[in-house]
Amino acid sequence: MTSEIRFGTDGWRAIIARDFTFANVARCSQGLVDYLKENGTAERGLVVGYDTRFLSREFAETVASVCAGNGIKSYLAREAAPTPVVSLSVLTQESAGAAIITASHNPGIWNGFKFKPEYAGSATDEITGRLENKIDAVAEPSTMPLSEGIERGLVVEFDPRQGYMERIESLVDLPAIRNAGYHIMVDSMFGAGAGYISDLLSGGDSLVSELNGYRNPAFPGMEQPEPIAHNLSALMARVPTEGASVGIALDGDADRVGIVDERGRFISTLEVFSLLAFYLLEYKEMRGAIVKGVTSSIMLDKLAQRYGVDVHDMRVGFKHIGPRFSEVDAIMGGEESGGFAFRGHIPERDGILSGLYLLEFMAKTGKTPSQLLEELFSLVGPHYYQRRDVVFAPAQREEIQSRIQTDRLTELAGQPIQRSDDIDGKRLFFDDAWLAYRFSGTEPLLRIYCEAESTENVSALLDAAAGYLGV
């Protein structure tokens, strides 16, 4: 029997050799080819990229072989490349889209298949729904040996780096960062982003030291290549010990960023989102909407009010955030996971550009990351955040879902609930605090999020929510 292929928040992900097999990748590729043919864009070809995971290159070659077997040209990346780099190549190659073999931040036993349509962002539900129908209808994929596809000119290897580097140089004042004399520590988490920041900033007074800047599909020393605090203990220890100015971490496919300040403190993703929005609004004097996932900071709402711009709350995932980001020509879009998009680039997360904008913020102001955060808090007040990821048995899901849907709480942890919404899961608002719970779209997890004015209140609300949900 064939496995069911379904696209979650961003792509189809599965455990290697269990469901993520060469046969299923070929089925998925054939379905994508059939979708492009029906869409009338197949003649524009398909960009094919991949990350540093186990067999990612070989899975990508399978995609290219299916394209060739259907007479469709593919542009196959010469080496592992970050998702935003491959996504931008959709525009530079003027292709019908990109297929990217990556499971992003998932543990090493996973791999995945992302599709980026012709606009170079995440595929919407409407697109993935049509794609899933095409995959379900596949009887036998048409393939061609890779060597024959190359010989016939149907598979063309290319380097996606050059176009990306040129785009970054047009967006960021790289000389200002190079000449600032910083010591920048980058944890590439054994992923596809290795070498990008160091290459972009070479040749000046600043020094870039890289941790885990080589390929290791096992992602040793971390639960998964996700740039969150418990995976970054080495970076957090080394930044203050070695007198570094800042630490920057990239996830497995470099579409997310994590920041460690000069003291070795992890700056939460909500704080990073708010810092970058503050930089664009106050120092770069940009104006336009901010598009955010529902689990993003209320600091963004306070900044938007201060600078007279709109905020759009969206469901989690760039398949929801990206289209609105483009529709309203937002200055920034982002979500709690640490993925941020910026005007003038692509409607997609880019961890490398996010880290560089933070460095530019530092260089333009002469302030350390902790000082920048103090400046932000002086405007919007202190905010603290924590997310708990709860593993649950499959049999529990229905009961948890029922509690979320029938939620009639009027208070939590002794605090009155002022209002709530169900844009994505359930979000509860208190006096200068909020809490949300939702199921992950990429992993079998229940995520519980909270932001409040103190760490004590964050813990109290999270404990009360976990107790109510029975997890």
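I take a cavity to be a set of points, on a 1 Å grid over the protein atoms alone, where a 1.4 Å probe fits but cannot get out; lining residues have an atom within 4 Å of a point. Grid points are joined across faces, edges and corners, and a volume is the space filled by probe spheres set on them.

The model is predicted, with local features needing pLDDT of at least 70 and side-chain atom pairs pLDDT 80 or more, while totals for chains, interfaces and linings use all residues. Residues are numbered from 1 along each chain as its sequence is written, and side-chain values use heavy atoms, without hydrogens or water.

Cavities. I get 2 of 30 Å³ or more. I find 20 residues lining it, with Thr9, Arg256, Val316, Ser337 and Arg447 nearest its centre. I sorted that lining into 2 nonpolar (Ala, Val, Leu, Ile, Met, Phe, Trp, Tyr, Cys, Pro), 10 charged (Asp, Glu, Lys, Arg) and 8 polar (the others, Gly among them).

The second largest cavity comes to about 50 Å³. Its lining includes Phe7, Gly8, Thr9, Asp10 and Gly11, along with Phe115 and Lys319. By class I have 3 nonpolar, 5 polar and 2 charged residues there.

Cysteines. I looked for disulfides (cysteine sulfur pairs within 2.5 Å) and found 0. Cys28 is in none; its nearest cysteine sulfur, that of Cys67, is 11 Å away. Cys28 has 0% relative accessibility, so I put it down as buried (under 20% relative accessible area, 1.4 Å probe, protein chains only). Cys450 is also at 0%, so I count Cys450 as buried.

Methods:
1 Å grid on protein atoms, 1.4 Å probe; cavity = no way out; pocket = protein on both sides within 12 Å on 5 of 7 lines; lining within 4 Å. Buried < 20%, exposed > 50% of the residue type's maximum accessible area, 1.4 Å probe, protein only.
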